[in-house]
Amino acid sequence: MDIRDVPIRPVVSTKGSVTYKLEKFLISLFKKHTQWKAEYSIKNSTELTEKLKKVRLPNNAKLISLDVENLFNNVDGGTAVLQTKNILETHSKFSRKEISEFCKLLQYTTTNNYFEYNQTTFKLKEGLPMGAPISPLMAEVFMDDIDHKIVTLEKWRNRIFKYFRLVDDSFGIWLGSEREAEQFVKELNNLHPKIKFKLEFGGKKLNYLDLTIQIKNNKLKFSIYRKPCYTDAIIPENSYHSWQQKMAGFHSFLNRLINIPLSKQDYNKELNTILEIAINNGYKKEDILKILMKKKSKRIDQRLYNKVPDRNKKWISIPYVEKLSQSITQLVKSEYNVTFNNDKNLGGFLINTGKINENQDSLEQSGIYRITCECGSLYIGQTGRSIKTRTKEHLNHAKNKKYGHSSLSDHLIDSKHPLEKCEVKVMRKCKKGKKMNVCEQLEIDRFKTKAILNSQTESTITTVITPPTLMDYYVITGSEEECQGYQSRHERERGRGHRQLAIAKTYREKF
């Protein structure tokens, strides 16, 4: 398969692949025995500001960024393996035989990239798959060589004052004109046949990563940047998650707030934004300010007493059950760091989790099906029996001209369209029950704008949405009266931390 024939970048999960554990092992071995880091690579925007905050700039300094097009798909795996071999020979104490064995295993993982799409197995012939554990390391090794070629180009090295890179996005301080920068990028695009750069010439101001960087009085000034498409949707306060999970986003916001060198005005502006996000999602701003004070205090202690965080504790993950999980955490916190996982979510509810025989013909199983007539009209239905049996019933009713059994058979009788040209497709395999009802309605909703024959496109299933955002979303089934019963019961139990529910009918027009 030629990756150039694919209109999008393939992102695959390799967790169940034959090379997954081997890749994880090779990464840990490489990091443990080399301590290697790409010279011009940065971990995040905080490290970038730390390196640049005291830099004095020349008067002709300009800000530029370079973006590599489709980096992972264009990395030469064979070249990256050879470069890794050179790193091992220079930075590790491995014997020649050990290095040879390591590189053979590395070659095996980078050349056996298989993935499945629409029940067809493909092999990625070129590049590295996004989602494979080994891909980021190989891309970093590969780009480190490109970085050194960039900063040592004879014609342009006096124009590059500073250069840093995060994965495929590079930041530079340029001592030249915009036209010269364009010529510089043209030359960069000849360094490797597949690695192509896009230039953004910012001049005195540039948005890079989550920062807005400006040149003022020959120094760099930093502020927090959010894209125009940014929303304040995070885990809402009334979601059934642990407090640690709910606060994870705020910890990230606040860490950035206190670590990026901001002016007093920009600091207050960002803090107000964080507090606004908290309030919009149901949190108290006092809780966020309390976390901020703890972080500041901890930072001062570390500077005064050189405190080092305890990294010897192992991490364990346990299912989140309100109150019970917290009690377990208190019992084991001296030995373990505890994180929580949530099994009940919309994805787990809708995917095919029933005991379905994957080797059995799909038409012989129960689930959601779609029948498309010759004219393009379609009918979506469900059955707890085999789909093959149910579709035969539809066609037999039409053949025998029996009205009233289904809107599909009525359509076939009236239109006199040939039965043998009806196409049957299995949409979802699942067992009879509430989940099947929901899945059927989801499929009906998908094709509402087309010539759908279902007489009832508005299901009796009522969708329940958790305000204030649509991020915390799940469904219950039943009539509207039953859903109102759930709502009333919940209102009596809100003090025990249950989710806040709202009838979808109330919000249908709004959303």
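How are α8 and α9 oriented to each other, roughly parallel or roughly antiparallel? The analysis rests on a predicted model, in which local features need pLDDT of at least 70 and side-chain atom pairs count only at pLDDT 80 or more, whereas totals for chains, interfaces and linings use all residues. Residues are numbered from 1 along each chain as its sequence is written, and side-chain values use heavy atoms, with hydrogens and water left out.

Helix α8 (residues 243-259) packs against helix α9 (residues 264-280) at an angle of about 175°, their axes lying 10 Å apart; helices (H or I, at least four residues) and strands (E, at least two) are DSSP runs, numbered from the N terminus, and axes are lines fitted to C-alpha atoms, for helices over the stretch in contact, with angles from 0 to 180 degrees between N-to-C directions. The two helices α8 and α9 are therefore roughly antiparallel to each other, where angles under 35 degrees count as roughly parallel, over 145 as roughly antiparallel, 65 to 115 as roughly perpendicular and the rest as oblique. In this contact (heavy atoms within 4.5 Å), F250, F253, L254, R256 and L257 of α8 meet Y267, E270, L271, I274, I277 and A278 of α9. By class, the contact of α8 with α9 comprises 9 nonpolar, no polar and 2 charged residues, with Ala, Val, Leu, Ile, Met, Phe, Trp, Tyr, Cys and Pro counted as nonpolar, Asp, Glu, Lys and Arg as charged, and the others, Gly among them, as polar.

An open sheet of 4 strands, paired antiparallel, has the order β4-β5-β1-β6, two strands being paired if DSSP finds at least two bridges between them. Its edges are formed by β4 (160-166) and β6 (197-203), each of which pairs on one side only, and neighbouring strands are turned by 20° against each other on average, direction ignored. Within this sheet, strand β1 (residues 62-68) is joined by 6 bridges to the antiparallel strand β5 (residues 169-174), and L66 stands opposite S170 in β5. Helix α2 (residues 45-52) packs on the sheet, where it touches β4 and β5 and makes about 160° with the direction of β4, while helix α6 (residues 134-151) lies across β1, β4 and β6 and runs at about 170° to β4.

An open sheet of 3 strands, likewise with antiparallel pairing, has the order β13-β12-β14. The edge strands here are β13 (378-383) and β14 (423-429), each pairing on one side only, and the twist averages 25° from one strand to the next. Strand β12 (residues 367-372) runs antiparallel to β13 and is joined to it by 6 bridges, with I371 standing opposite Y379 in β13. Helix α15 (residues 434-446) lies across β12, β13 and β14, at about 175° to β13.
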